[in-house]
Amino acid sequence: MTDTAANPAALAAKPQTLWSTAWRQFRRNRLAVVCLGIVAIYVAVFFYAESVYWIARIRDVVPSYKVTDFAGRDAHPSAAHWLGTDFAGHDNVAQLIQGVRIAFEIAILTSAILIPLGFLLGALAGYFGRWVDTAIIWLYSVVDSVPSILSIISISYVVGRGMKGIVIGMGLVVWVGLCRLIRGEYLKHKQRAYVVAARSLGAGHLAVMLRHIAPNVLHIVIITFTLTFPRFILTEVILSYLGVGITGEPSWGVMINDAKQRLWLGVWWELGGATAAMFFLVLALNIVGDALRDALDPKLKTAERPAA
Amino acid sequence: MAFSIQRGLGLLFSALTICAAGCGPSAAPGGKPGEMVYYSEGGDIKGFDPAKASDVDTALAVYKVYEGLLEYDYLYRPYRVVPILAESLPEISNDGLTYTFRIKKGVRFQDDPCFPGGKGREVTADDFIYAFKRVMDTKNYSNGSWVFAEHVVGVDEWTKASEDPKKPTDYSRPIPGFEAPDRYTLRIRLLRPYPQLLWVLTMQYTFAMPREAVEFYGDDFLNHPVGTGPYRLKRWQRNYRMEFERNPTFHGQLYPSEGAPGDREKGLLADAGKPLPFIDRIILYNVREYYTWWQMFLRGQIYSVGISKDYFNKVINPDLGLTSDMAKRGIVLRKEPQMDVYYIGFNWEDPVIGGGKTPDEVVRHRKLRQAITCSFNQDQIKQTYASRMIPSAGPITPGTTGYDPNKIYRWRYNPELARKLIAEAGYPDGKDTRTGKRLHLTLDMGGAGDAETRQLGEMYVGFARAIGVDITLNFSLQPEHWRKLEHKESQMFSAGWVMDYPDAQNVLQLWYGPNEAPGVNHCNYKNPEFDKLYERILTMQDSPERTALYQKMADMMVEDCPAAFMFHRLIYALLRDWVEDFKPHDFPYPNVKFYRVRPH
Amino acid sequence: MALLEVKNLKVYFPIMGGVIRHKVGEVKAVDDVSFTIEAGETVGLVGESGSGKTTVGRAVLRLLEPTAGEIRFDGCDITNASHHELRPLRKQMQMVFQDPFGSLNPRMTIASIVGEALKIHFVQMDRNARRDRIAELLRRVGLKPEHMNRYPHEFSGGQRQRIGIARALAVEPKFIVCDEPVSALDVSVQAAIINLMQDLQEQYRLTYLFIAHDLAVVEHISDRVLVMTQGKIVEAASAEDIYSRPQHAYTQKLIAAVPKAF
Amino acid sequence: MTAYIIRRLLSVIPITLGVLLLVFLIYRVIGGDPAARLAGKNATPAKIEQIRKTFGYDKPKFFGFWVQKFFRAQPGAGLGVVPVSGQTVWEFCLNLCSFRLAVVSASGQTGWNFKPAQGATRLAVALPDFDARQRYRMEFRVEAPQGCSLRVLLAHPGAKPENQPIILEKSLSNNARTFVTADIAPTVDLDAADGGTAQVTVEITGGEATVSALQVWRAQSNPFDSQFWQIVSQFAQLNFGKSLQSNQRISRMMADGVVPSLCITTPIFVIEFVVAVALALLCAYYRNTWLDRTFVVISIVGMSVSGLVYIMLGQYFFSFELGWFPVWGFEGINYVLLPVVIGVVASIGGSLRFYRTIMLDEMYQDYVRTAFAKGASQRQVLFKHVLKNALIPILTNVVVAIPFLYTGSLMLESFFGIPGLGRMTVDAIYTGDEPVLFAMVFIGSVVFVIANLITDLCYTWADPRIRLQ
């Protein structure tokens, strides 16, 4: 009649976390694993591009991707330049690689704004309820009501063009989705007995919110990051087209914008290269994000609407 | 290249827009048989109020409907004015202070509901005075008040009186400088000689306007043009399409019978003496994307287009002629130098590259500016931009007196000299001798979103980096770029100036001290000697002496280097070959009426 | 003196409605309840679900705001005590929860779940001392100390309930509210847990408020039983009395519902 | 139920006000006022001031007792006037928090810096249209060496020159920057007519001094007479002002743009909806087969390409290369076809994936299992149960997409020359036409809020399961 010895199999193995369970679930999706590999390659490229940038910066020299060669400009693809060169003789492949850097920087910096913001506000709203909830719901309804591309543009118009504008603009707009999800989760978890237990132990609100509930909703942050990453990339293209995009550094949006005029000359590789570089990353992230969601929290599926 | 271009009118536009100005008519799809229809690109316009027509697109629209006393001769070169609503050129008093115009009799405004019975009324001298007053009325915040301000007797007092926000402006209050002794006589009295007055009177701000229309339409006046011109507005889908048709009550004008040498050989005088306009209908599309515009041109939906540098090699052969592929399509090439100048301005008040406070600073900063100027490779830009420019040797633009095509810019690209100068300025290899840090400068380019502007900016960065200077580029939309310049916030900025009239005074005012920001002197350049000379030429009539002074002033500026002069544009544009009587013009606003379209 | 005195406790939940979401009515979850618990005693609180017994349990620990009434613990009035004032009291009153699956944070190891209380209430305790204490507690509730780095989902229901008990014990409380601690468990496991709780009560001289929805469970462990329905206590008597001489019709119904075989 | 509907209707008000506040914050408070742009290039400060007055840009932003007053600085001999360039973040915050929420002065500067001259620093400030009955306040910063003394004098046209009342007199104790506030209250002989130009003189003796960030304010009696409330009342009357770029009334521009926008977006909306739901049903029917997986992959692939690339390639191949469609314009049905096709292709991936998820969610609900258990056929279940129940999330998605109908497709319209609202917005972005952007953002948001309202109301009507608390 005793249960102490029960479940020996589970206890015999080494401690397993939810993450390892999720990983096992994830591994079953072969396509997702392949895509994760693609993402890993991009991450490697990102670090490479970042090192190229920083080494040049520390040495105080012009980075190789920015060295102009007017004699060899607008070249067609060749062994030396797989995707040809641009107006100033920069190698397009090198530009694409730097584009990876810019894309990751945008994603990381934007997430650095939106995740704390969305998480904190969502947690506050869900946990405290009442007027805090009402105020935060009001705030995100207001932000959400403004067509997102317009508000991003409006903010970057005010903040200033370039990376800063894009990052702040997107960060201050995109948090709503995360906030809504986190709020829902907090509402749910607030009712759970473990929260009451923690309270009864005398844990303060902040400790309950951050130490107890937060780890339980952290996976949402990861899923959101993976699934909004593509959105950042696609938005950057539109912002570049509208003139509020990156300047001074090669980004994919800028490349597409530049390449469009030369399409007519049969120069398809510039547009094609940038589109492909972007496509594979976005595709891989989409699939990985889906698989992550399936592995970590299948119920989240309907929470996100397609962006109109 | 849509970097900021300043115009006396205060406007900015892209180079591509300019080459559309007055080009490419055709008999076209959709036109009735025998009807000549002109399809072209037209931009966003600010409405049909001549007092507010401060940009090229609006001016192009307004000139189709409204007319002034004078206009530029279509064929004759160098430019001269000919009367249009005036009977003849004015009588000018000996002291150059009184101009008397006789106004053509029998000219009627187009028929419009604002007139009693809907019939257009005859134009009188009062219509001009009314229009002048509208421009000077602060409540209209017209951008054209500079054309009379400080020049005409009593104008400034009138403007001041119109400032009172509580009372509507009193249009019955006379301006002593504008008199109408009778219905057909207009007298303008000046405070001091104003040699540019005749040029200025070709501008839209001075066009005759019926007071009835302004009062009848009120706020909506800008949508109901009522003018005397060759066309009237038929249909206007804002933001998309504008359609003009021949004005049946047009007072009539004849095609000029005298031209510049060579015009007859080109067949430009074949229509001499025939009544204008030739084209029955004008349809303007507001195409925003150059890429789209180009496709439409090739498919025959629009009849003229500028050439992007990206397309240059495909369209233009190495001898700078049209490729055979293009020629076969019935396309002709237009190649015209523009009366403009592009420069990179240095803010004179900047602590690093400005004029400097101590005598030592003055010398060092000047050397630094000169070094940067020397590092800019004009030939490289020319090559990258497919020869679409003439390297500039100073502020004076082609087509104006004082311009010397053979002059060589003192700070023409010279890396050795640049390195030497920058070392003398205290930055050997771009590093500050005092701190050992690399010199960082910022360059405001304007033109956010425009690929060519961005690419040009990146070229500048590359050039400066070759002598060790780091330049950070700032791109901003035009209004923002302006704001920065007006507040003296720029360190270096890219700018251009398109001439308002063919007189170098117009461009030299950009460096006249009292014009400092928020005025047009965005470099905030101050040189008492230069200012003195400028004040002298202001009242001088055209003479070799004045031309010599222009050149002297230009040299003075090149030496002081408040701006790095880069280039004058050379427009390469394509035109369908069924356009006849086409002659490039620097002030092409009313020129559609001279074009003829061959049926095809 | 009684360890816990509850006088005229009322917990009402407002019903919001109308256009501006004002209070249009209230649910009387606990309506005028009074009872006392002596030190070392086990009091059973029985009632069907929705009768307000869990609310009473939580209100007593001030995990819910009482609408009216008075709660005295160990002589002091805690009805309106602030969060700060409650803190030392939390050390003395603890709770064991009904749902062994929900009451343990799935993202925390057993060590941190049990150690949480130690961190809060024994601030001066260092890492190693805390680990020893956790190991000791786990041993005490019948678990192996080497399991302390595992996550709750690796344990069975009964084991989890033991973890929950260990957590409650960690602060060395005087009084534990057991909110249906065994109702989610298999019958065989139930007995083991109840035995454990009785052992612990003896060992640590604990006082229990034992909440359950059927009398069978309460019978074993309780000294006295309170019967609750619709927010009111309808009968309070010793465990035997309730069984042998149920007064209230509702109590009789409850007794009838107890499976005879048990 | 009725109470819920009314409450839901009322909730539109705070959200709308919030949107207005947000947009106002972005465009007015941070972005500054467009008076200088309206005045054009040859603008005199007086002209700018006049425009600011006309448009109410001189009023406080939200609330305040002071209105910023235009002045002309007339430095004494040897004194240079330098406009302060920009404002620091700190100054901005200061201005936002203080009572006087008007920030930008005559030509956009926060004030003026006056560089020192030898001996006495005398700075004359002319206040045009001085109203003797009003109270004024002048504020500036002084940097002066120890032992300097400062005097502020007022000369009014009505007063005799020798009778200059001293408004303020103080000695400056240290070299630090000191803020000086001088209240110019009505004094003895100021009964002269208003409209004259008064002159305030700042005199610093005893050393070289710098006067900076000089600003002048005029008292206003109603503190709510502010820019924000002005906008609220204007927008409430559907008056959105005029475009800076085209001088047209914005309400009229919007009215012009709605129809072309709808011509593009409605077909996209309808086709995309029908096709996506049909394909999603297909996927649900053949769930977990190669067909389903293919569609899923295709939809993710479709989502992963930038919309801009679809447009560029589509326009290039189908209009230019193949000549199947006109390149640009809005003349007839054939002009709309290609944009619609591209619009559908670009957005169908996301919708398909979303609808499929919803359908599959429903497929695994208990009632579906019950239906299967009862022996209902796959098809019956799909159409009778799943589609019916999935309708609610689908409905939400559809209704929420309604504002997209209004704002149009920015990219599509500007590439294909559809004179709709999307193109208008893009143009406004390019030209920095703030009033148009302001109005577009606001209207777009209001439409969204209303769409959301409709969704919620539809919920209560369509789904009896939803409890109305």
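Two strands are said to pair if DSSP finds at least two bridges between them, where helices (H or I, at least four residues) and strands (E, at least two) are DSSP runs numbered from the N terminus. The model is predicted, so that local features need pLDDT of at least 70 and side-chain atom pairs count only at pLDDT 80 or more, while totals for chains, interfaces and linings use all residues. Residues are numbered from 1 along each chain as its sequence is written, chains are lettered from A and ligands numbered from 1 in the order in which they are written, and side-chain values use heavy atoms, with hydrogens and water left out.

**View 1. Strand β9 of chain C and its parallel partner.** Of the 6 residues in β9(C) (residues 224–229), 5 are buried, that is, under 20% relative accessible area, with exposed meaning over 50% and partly exposed in between (1.4 Å probe, protein chains only). Strand β3(C) (residues 42–46) pairs with β9(C) in the parallel sense over 4 bridges, and C:Val225 of β9(C) is the bridge partner of C:Gly44.

**View 2. The hairpin of β9(C) and β10(C).** Strand β10(C) (residues 232–238) pairs with β9(C) in the antiparallel sense over 6 bridges, with C:Ala236 as the bridge partner of C:Leu226. Between the two strands of this hairpin lie 2 residues, and C:Gln230 in the turn has a positive phi of about 45°.

**View 3. The buried face of helix α12 in chain B.** In α12(B) (residues 415–424), the buried residues are B:Pro415, B:Ala418, B:Leu421 and B:Ile422. Seen down the helix axis, these residues fall within an arc of 125°, so they line one face of α12(B), the arc being that of the directions from the helix axis to the C-beta atoms. The buried residues pack against α10 (359–375) of chain B, contact meaning heavy atoms within 4.5 Å. After α12(B) comes B:Gly426, whose phi is positive, near 100°.
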